Amino acid sequence: MRKRRVVVLVAVLLACLGVLGVLAVTADDPVETDGDTEERYPGNTLVTVQTYGWFGNYNGDVFVLNESGERVWEYQPDEAAVFDGEMLDNGNVMVSYGQHIPNSECPEEFRNAGPEGQRDHCVRNVVEEVDPDTNERVWAYTWYDHFVTYHEVHDADRLDSGETVIIDMGQHRTFTVNESGNITWEWSAIEHLDEGTEFWENHVEGTSREDHRYTGGSQDWTHMNDVDQLDNGNFLMSIRNFDVLIEVDPETDDIVRVIGEPGNEDIMHEQHDPNYLEAHDHVIVSDSENNRIVEYDAETMEEVWRYEGTGPGADEHLQWPRDAERLPNGNTMIADSRNFRILEVNETGSVVWGHDFSEERGIVYDVDPLGPDGELGEEPENAPPGDDLEGTDYGGGITGTIAFAESWIGFVFPSWVGLPGLLALLTMFGSAVGLTWEGIRTYRRS
């Protein structure tokens with residue numbers, strides 16, 4: 001009987017090894033092009049990859065890929081979760097990141113102040129301008145906060161005035177600084193979004209959902225993660241935890257437009273990096289928790305385009321996309337974060353270019369096509385609206401659930417492992433435990 005058990009366990013172990021071998025040999029390229037690669041928009045691409053302390057790893061970086069996917073420039077700040085990257089008109093690169101700082105190097109007021117398990121460090125938020133020829137800092141604005149998680153700086157833009165606008169989720173504010181580092185304007189979400197405000201009365205109070213995210217006090221109350229200045233001088237801000245975008249007039253600090261509805265996650269759910277098309281009054285949203293890119297008419301909130309992935313299969317769904325940029329030729333560049341890749345899709349939704357980062361175990365945060373002249377900018381003036389394009393709509397269902405599970409597996413195992421490989425590994429582990437126990441029993445009886 002014991003011999004039969006051993007034979008079965010060995011057979012199961014070998015079968016699982018065979019499954020893993022087949023998965024490894026037959027693994028598809030994580031970025032498969034199903035369109036004409038000559039339709040790719042020409043030029044290099046600026047990319048940021050965030051790491052977040054998994055396995056002690058704070059090695060985020062910002063780099064430029066050429067059309068062949070080779071890194072032609074790279075900058076990696078020490079112990080940092082890197083978020084936004086922007087190519088400036090002067091040829092320098094501005095990068096926003098949160099730097100993990102041990103308590104011994106933190107100002108006294110920021111030591112030992114985090115939640116349980118995060119009291120050994122603080123965060124130094126950095127908005128830094130780097131000369132790519134030397135990788136030396138030529139300008140920076142920095143400030144401290146209590147801990148890395150949810151207290152970093154996610155976005156900053158250089159304005160035509162020479163000032164820099166920064167969104168700060170840890171202190172729930174947006175502000176501008178001049179070249180000397182003096183704050184020239186500051187807007188507080190606590191004063192304009194929380195209970196007792198006009199925004200609260202018109203958009204939150206009386207809704208069917210009572211959610212702690214909508215009231216102040218939480219360490220991750222607003223999760224403000226993006227700011228862009230519009231042509232009219234107003235600022236468009238992404239307030240992730242309210243599932244809305246807001247347009248703020250810096251002259252009056254009033255909220256003059258709200259895109260989305262708090263609690264209505266069918267419109268957008270914990271979004272990132274809206275891409276506003278000024279010429280069409282459309283906004284392209286990386287609708288992260290809904291695992292899609294969606295474009296709305298900002299006036300009517302009519303959905304005009306969406307993209308959910310390359311096909312109905314579990315490995316073809318977008319997973320937690322966090323950036324999407326519409327290009328002048330109608331293509332759209334997407335940061336498919338938890339699939340560890342970037343994609344460029346054409347007008348019909350076919351992939352014409354992409355790059356895989358799964359071996360680095362870092363999730364892509366920001367992607368900016370630079371164009372043939374290297375100065376395309378984040379919101380090109382002549383980008384077409386989604387009305388003229390074809391998207392994809394594959395929905396969720398069981399394949400969406402499998403895609404979600406496999407995206408998390410990719411943080412630990414190679415991308416080809418997936419859910420079948422994980423089940424094989426778990427079965428192998430169980431077989432190994434069984435064989436070990438049989439060996440112990442045989443030894444005890446000898």
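Predicted model: local features only at pLDDT ≥ 70, side-chain atom pairs only at ≥ 80, totals over all residues.
Strand 20 is joined to strand 21 (residues 332-336) by 4 bridges, and aspartate 323 stands opposite alanine 335 in strand 21.

The loop between strand 23 and strand 24 (363-371) contains phenylalanine 357. Its relative accessible area is 1%, and because buried means under 20%, phenylalanine 357 counts as buried. Phenylalanine 357 touches residues including Val47, Phe63, Leu65, Arg71, Phe340 and Val364. Two of these contacts, Phe63 and Arg71, also meet each other: arginine 71 lies over the face of phenylalanine 63, 3.6 Å from the ring centre.

Strand 24 also takes part in an aromatic pair, one of 10 in the structure. The ring centres of phenylalanine 83 and tyrosine 365 are 5.2 Å apart and the planes stand at 85°; planes over 60 degrees apart count as edge-to-face, so this pair is edge-to-face. Phenylalanine 83 belongs to strand 4 (residues 80-87) and tyrosine 365 to strand 24, so the pair links parts of the chain 282 residues apart. Both residues are buried.

Another pair, tyrosine 141 and tryptophan 143, is tilted, with 5.8 Å between centres and 45° between planes. Tyrosine 141 is buried at 13% relative accessible area, and tryptophan 143 is buried at 8%. Together with Phe175 they form one aromatic cluster. The charged end of arginine 173 sits over the ring of tryptophan 143, 5.6 Å from its centre.

Conventions. Residues numbered from 1 in each chain as written. Heavy atoms only, no water. Pairing = 2+ DSSP bridges. Helix = DSSP H or I, 4+ residues; strand = E, 2+ residues; numbered from the N terminus. Buried < 20%, exposed > 50% of the residue type's maximum accessible area, 1.4 Å probe, protein only. Contact = heavy atoms within 4.5 Å. Phe/Tyr/Trp six-rings, centres within 6.5 Å; stacked < 30°, edge-to-face > 60°. Lys NZ or Arg CZ within 6 Å of the ring centre and 35° of its normal. Lists of a residue's contacts leave out its neighbours within four places in sequence.
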